[in-house]
Amino acid sequence: MTGLVTVLGSGAMTNTINGILDSDVMLVIGSNTTETHPIIGLRMLTAAKKGSKLIVADPRRIKLCDSATLSMQQRPGTDGALINSLCHVILRDGLEDKEYIAKRAENFDAFKESIEKCTPEWAEKITNVPASLIEEVAHTFAKGERAGIYYTMGITQHTSGTDNVCSLANLAVITGNLGKEGAGLNPLRGQNNVQGASDMGCNPSFFPGYQKCDDKDAQEKFAKIWDCSITEKPGLMATEMGDAITEGKLAGLWIMGENPVLSDPNSSHAQKAFEQLDCLVVQDIFLTETAELADVVLPAASFAEKDGTFANTERKVQRVRKAVPPPGDARDDLSIINMVSNRMLGNQNGGFNATIDPVFHTVPPFASDIFEEITTCWIAMAGMSYDRFETESLAWPCPEKDHPGTPVLHKGVFPRGKAWLSAITWNGPDENPDEEYPLILTTGRVLYQYHTGTMTRRSEVLESSAPSAYVEMNPADAEGLHLTDNEMVRATSRRGKIELAVRITDRVDKGMVFIPFHYKEASANLLTNDALDPKCKIPEAKVCAIKIEKLV
Amino acid sequence: MSTVTLNINGNEVIAEKGLTILEVAQRADINIPTLCYIKGKPTDKPCTICVVEVEGKEELMRSCVTLARDGMSIQTDSEAVIAHRQERLAVISETHFGDCKAPCNLTCPGQINVQGYIAHVAKGEYEEALRVVMERNPMPFSVGRVCPRFCETRCRRILIDEPVSINHLKRFVADWCMTHEIDLKIPKNKPTGKRIAVIGGGPAGLTAAWYLTRKGHEVTIFEAAPKLGGALRYGFPDYKIPKEIVDYEVNTILRMGINIRLSQRWGKDFTLQDLKDMGFDATFIGIGATIDVPFDVPCTDKENVYTASNFLRMINEGRRLELGRKAAVIGGNNIAMEVSRALLREGVEQVTIVYPRARLEMPANQRNVKEAEKEGVQFLLMASPSGLCAVPDETTRLKLDLIRMKLGEPDKRGKRDILPISGSTNSLGVDTVISSLGQMAVDGVMSGGELEEQLKMKPGGMFFANPRSSETSVEGVFAGGDAAIGSKSVIQAVVSARRAANNINAYVMGCEKDPADTRFNFTRGKSFDDVSLKNFDEIGINLREKMPERPPEVSTQDYDEVKLGFTEKMAKREADRCLKCGCTAYERCDLKRLDIDFKVNINKTGMGREPVYPIDNSHRAITIDPNKCIYCGRCERSCEYDALEVRADSFDEKGRPVGLIIDFKEHCVSCGKCVENCSTGALNKKNRIVPIQSEEVREIHTTCPYCGTGCQMVLKVKGHTLMEITADPEIGPNFGDLCVKGRFGHNFIQHPDRLKTPMIRRQKGLPLEPVKWDEALDFMAQSFSRILGEKGPDALAGLSSARCTTEENYAFQKFFRAGIGTNNVDHCARY
């Protein structure tokens, strides 16, 4: 998100899911879309069938490659070099949209200079993608009338994550692909409400609606809405909290609905930190690995047991409606926040109707009350309401009650005025293979599982479809280690080791392996690197160096 | 846009040019049925159900492929069209093979979704199971102990080994929920403002009160006894239904919010007119049948001669009676069995049941007869008491004169009357005689007031109630349970009262009553003889779990329960024995719906008789039963991935497939869209094992909780149970598509591992301990406040989740920023 904010002034998917069907070129990079976003993947396959050119750039020969017009297998962690090189070819061959750049972009010269040396030959050495293929991709992309870029964690979960996003934005800007249907720069959100959580300022630097915490006007505005004083001190990012605990600065932590002990890179580090807290409160629907460490465990509700909204990857705010009551004494998360708030801060709910529902036991203020408050603090959602959601599907910005929402962003002007073409120098990943750890590990998802598996592993159809962890390895590497398919192996990095089965496949290149991160019995994140992107502090979960050994 | 104007069923319809007649009709909300239509994907093997009559055309036209033209005049339901559809449906139905509903379900007087609750038990979802039972029977605790189990007599498992122990499973889930103090969270409708009086607080009264309260009415129960429960409390002895079970059952029902007035005897303390005057909109009579039919032989006015109901009432009230060593019980009904077994527990050494016919002719359930015998009750059969006038010898207090009986010639109906054998008199010396010759609601006519006197009675002392409306001869007064149908089983009283409640609701609301279940049913065989054994080729013998019980020599020493109940493991094993006869596509089956709509009588036109194909369970998410396939091809054409092929070796003379193959390709992604498009139950989701029948199913539109696509889905909910997830083809961004996680990834919601109670760790090193919310909140607030006081606001932080709602995330950061005063708030996936 930091990347998109830098370039454009706003961080979200610029276009729509079904706009994919209108595109004539799709560049899918660092996204195993058919597995991670199956319905978006389906739209891509349909578009490809209809004649749209599908370009896939992924370290693995993912399923999309089977339907792709062009596909590139770059080395993990070298996306930035690849993208810069694409930009280089486009400028070198004069394929850029000059009119668009003149009208809508700035800093072009510095940008142009920064990619001067990023020739396809230079990139081939780094990425292992043939220079001629890079040229062909650059031409195909630039010649597309409507060329959309789609990416996920494969781009962002790197020490150079922010830079990668800036590079992709550069590519979209110089080809004039922002602000029209079927094109755009489209981060595919991995979780149901990443967009909503970001929108709502669950972020140490932003108030709801991306209003900066260090901005005096924003501070005043929220001080007024919330009727309180606002601290000027910057907050801690999730990835900085571990160290803050170890240093004794952070003593109480409330985790709502996350399982960082399993999901964070170098997860044993997170566990050690949590154990040192004075008070760890975990609110979840299962006793997760993180909850097991907690001092207070609060039983929460699943999506089917509560009211509210999720904002999807295309910025559409959509209703979540309670269908069944939570089990036992579990309560919906909002009621829990309200109860804690009442207990700690006194009753804040004057004015809200406090009838207790005997089936759902919801405690006011209710989701609809909160939503109304949200519409008063962010203009982009000011025109939305639960009433409108009954009949309409609205993407923000939607500033007025009769505004139809904005499916495609940046038609006409960017939030920051002109797009900023950043000069990006590509830096390699934090950790590279060496003699001791000769393989590059990249991690990802499989269709049948989701995240740390707390939900999917308890749904029998899904669990039986993908019941155990595995490491994908190229036949050449497997042969070198005398491994046979499905044999158990040990994977070791500088941070930890796990045991799992080997799956021999040419979907991964020689020198590289892939492990899905869903399985706690062989948690890939015990191996991954928690080195952070310096700008947005995202950890480099997608690439690290490991070794694989035969189990004896 | 150019348009066409045409006439459908006499109405002018203007439509976009280029659409088919079917599409035009759909947009105009005119229903044209079809079994094979998939938008934009025509088939070369059409069902031809969608035909319509087009003026000027001799032949019927398929509306799915005929373009609507200007000036067309169309009949969608002319006689010829209907005749064609009926014929086609009959042809298709002829080879459709399977059970719509399971035989257990059809046999249950309560029409309980038996297969459904067994399926829940098999999955460990006991709470859900109990809710399924309680949809149709609010008294599972008692019925689970005393049900005559009509269902088990028709269980198809009998054809393999033994029937599933259905009733024991019902009792298990009820008991499990009781021990785990489960709040079933039964919903009720908004208040209607209507008030209903219920006379009698036994099974019928409680049942009526429960259903009427759920409908939103204000119900008051008037009970003559000092406690509620009726026959459950004063009829059944403790070894059958312990009093704490009765208490729990009654309280479960009362928790719905029901008013009670105890020790109020109808006809003495109040009258029907009084109830009217109090403003009740309707009255339900559910007083049971508690008056014993008199023992009509000479000299029964002696001491130590009791009638059954009175006797059981005294025993259940804890009265000590001097009963002596020997007792005779006159009669062969269920109550006689309980009287006999109670006598044994009262210390009577020899209990003899006297009955004038053969044992198999006893009205009592044979299971009850066997249980009495096992405990040592003796049977004197083909004997009838003739009087108690004789003087006993010193060893006993009474002398019961008896005469032997024989069977007479069969009458026209083949029934043989009993005749005394002349000169065969004999006598039995006993200390106590208890007669159990049947019960009535009222002896003679009801008295107390004018309205009471207007109540028509049936012969045998029951209230007349119109079988269709449950109404008595007095307007606004209804009757049900034993008081109307005579002394029967608890479940039958429950059913009668539930029907009455449905009628009362319709009466006070002036609305239609909830429709009765359809009688339409495809079946693999009505009687056991009709069922092909090929159905069970793959199923091995697996005998039923044995109910743990106390041996008779121990159990007759006290009133503790004899049958101890299944353990959880036994219950799961027993539930796994269920053959799952009923179709889990019951509520979505288009073939059944159209057969009913077009009044196709499949009992005459025919249905499949035996399985042709084995059921295929090899797919990870989908069960394939080709025997139900009607070759509509919707599955194949709805697949977005071309991962499914349906083909046949050949076709019979009526165009039906022979050698059918439903072939899922290796690249199938298990999204399940084909199942949703299947027009019968040929394709079924493996995790949708509970059939949905006539119960109300709510459809709730919501957003998928997995990736960020935000697919819109429809949650199908029955009671509080999420049955399945589907998608609406009209709603984006997914327009009917979902992935495997969307359609199949929701079982976690009902998973037993769910956190159900707050927990705290009082001290580092100690284990987490379940506590009430109050304590957990106090503990957390104190810890956080202490940190806040000692180290300041920045020593606290919050990590929220991209899984939670926008509103929750907003409230969470507001708590930290506005409440605590720190910006230390983040979420784990903000990238």
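**View 1. Where chain B meets chain A.** In this predicted model, 100 residues of chain B are in contact with 119 residues of chain A. Contact means that the C-beta atoms of two residues, placed from the backbone, lie within 7 Å. On the chain B side, helix α27 (residues 806-820) supplies the largest share, 13 residues. By class, that side has 47 nonpolar, 33 polar and 20 charged residues. Nonpolar covers Ala, Val, Leu, Ile, Met, Phe, Trp, Tyr, Cys and Pro; charged covers Asp, Glu, Lys and Arg; the others, Gly among them, count as polar. Helices (H or I, at least four residues) and strands (E, at least two) are DSSP runs, numbered from the N terminus.

Residues are numbered from 1 along each chain as its sequence is written, while chains are lettered from A and ligands numbered from 1 in the order in which they are written. The model is predicted: local features need pLDDT of at least 70, side-chain atom pairs count only at pLDDT 80 or more, and totals for chains, interfaces and linings use all residues.

**View 2. A strand pair across the two chains.** Strand β11 (residues 296-299) of chain A runs antiparallel to strand β30 (residues 759-760) of chain B. The two are joined by 2 bridges. Two strands pair if DSSP finds at least two bridges between them. Val296(A) stands opposite Ile760(B) in β30(B).

**View 3. Chain A as a whole.** Chain A holds 20 helices and 21 strands. Its C-alpha atoms fill a box of roughly 70 × 65 × 45 Å, taken along the principal axes. A compact globule of 552 residues would have a radius of gyration near 24 Å, and chain A agrees, with 24 Å. That radius is taken over C-alpha atoms, and the globule rule is 2.2 Å times the number of residues to the power 0.38. Of the 552 residues of chain A, 61% count as buried. Buried means 20 or more other C-beta atoms within 10 Å of a residue's own, exposed means 12 or fewer, and partly exposed lies in between; C-beta atoms are placed from the backbone. Among contacts in chain A between residues at least 6 apart in sequence, 70% join residues at least 24 apart.

**View 4. Domains 2 and 3 of chain A.** Chain A is assigned domain 1 (2-188), domain 2 (194-395) and domain 3 (439-550). Such bounds come from an automatic or database domain assignment. The centres of domains 2 and 3 of chain A, taken over C-alpha atoms, are 31 Å apart. Their contact takes 15 residues from domain 2 and 17 residues from domain 3. On the domain 2 side, α13 (238-246), α14 (260-263) and α15 (267-275) of chain A each give two or more residues. The most come from α15(A), with 3 residues. This side divides into 4 nonpolar, 8 polar and 3 charged residues.

**View 5. A five-stranded sheet in chain B.** The sheet is open, with mixed pairing, and its 5 strands follow the order β2-β1-β5-β3-β4 (chain B). β2 (11-16) and β4 (61-62) of chain B are the edge strands, each pairing on one side only. Strand β3 (residues 51-54) of chain B is joined to β4(B) by 2 bridges, and the two run antiparallel. Val51(B) stands opposite Arg62(B) in β4(B).

**View 6. Helix α21 of chain B and its cover.** In helix α21 (residues 590-597) of chain B, the buried residues are Asp590(B), Leu591(B), Lys592(B), Leu594(B) and Asp595(B). Their cover includes α2 and α22 (602-605) of chain B. Just after α21(B), Lys599(B) takes a positive phi of about 50°.
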